[in-house]
Amino acid sequence: AMALEAPGVPGILICHRGRALGLHLLGRGDRLSHAQTNQFVALREAGMRIEVARDAVQAMAVVREMGVPLKEEARHTLRDVFRQETRRRK
């Protein structure tokens, strides 16, 4: 996966099992520009799957639905790192 800021391209690009997947994050009141809409249509016609998410929960659900396996939730990972660090200090 790669996150980037480039005109006409989804904000997050994921290559998984030979497929290009795009995820674009927008705020609740935001809309795609006319140019973005046209570029996303062209990318879809070329075979890329592109989805738009409005928040982190929706983005994670879309990525899972795309078939991309995810690591543990970030909060669990941070919890485990914290536990490991506190055990080392004892």
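A polar contact is a pair of N or O atoms within 3.5 Å; within protein, one must be able to donate a hydrogen and the other to accept it, and residues adjacent in sequence count only if both atoms are side-chain atoms.

First, the ground rules. This is a predicted model, where local features need pLDDT of at least 70, side-chain atom pairs count only at pLDDT 80 or more, and totals for chains, interfaces and linings use all residues. Residues are numbered from 1 along each chain as its sequence is written, and side-chain values use heavy atoms, leaving out hydrogens and water.

Now the sheet. Four strands form an open sheet with mixed pairing, in the order S1-S2-S3-S4. Strands here are DSSP runs of E, at least two residues, and helices are runs of H or I, at least four, numbered from the N terminus. Two strands pair if DSSP finds at least two bridges between them.

S1 and S2 (residues 12-16) run antiparallel, joined by two bridges. There, Met2 stands opposite Leu13 in S2.

S3 and S4 run parallel, with five bridges. Leu25 stands opposite Ala53 in S4.

So, His24. Where does His24 sit? In strand S3. Is His24 buried or exposed? His24 is buried, at a relative accessible area of 10%. Buried means under 20%, exposed over 50%, partly exposed in between, with a 1.4 Å probe and protein chains only.

Which side chain joins that of His24 in a polar contact of 3.5 Å? That of Gln36. A polar atom of the His24 side chain also lies 3.2 Å from the backbone nitrogen of Gly11.
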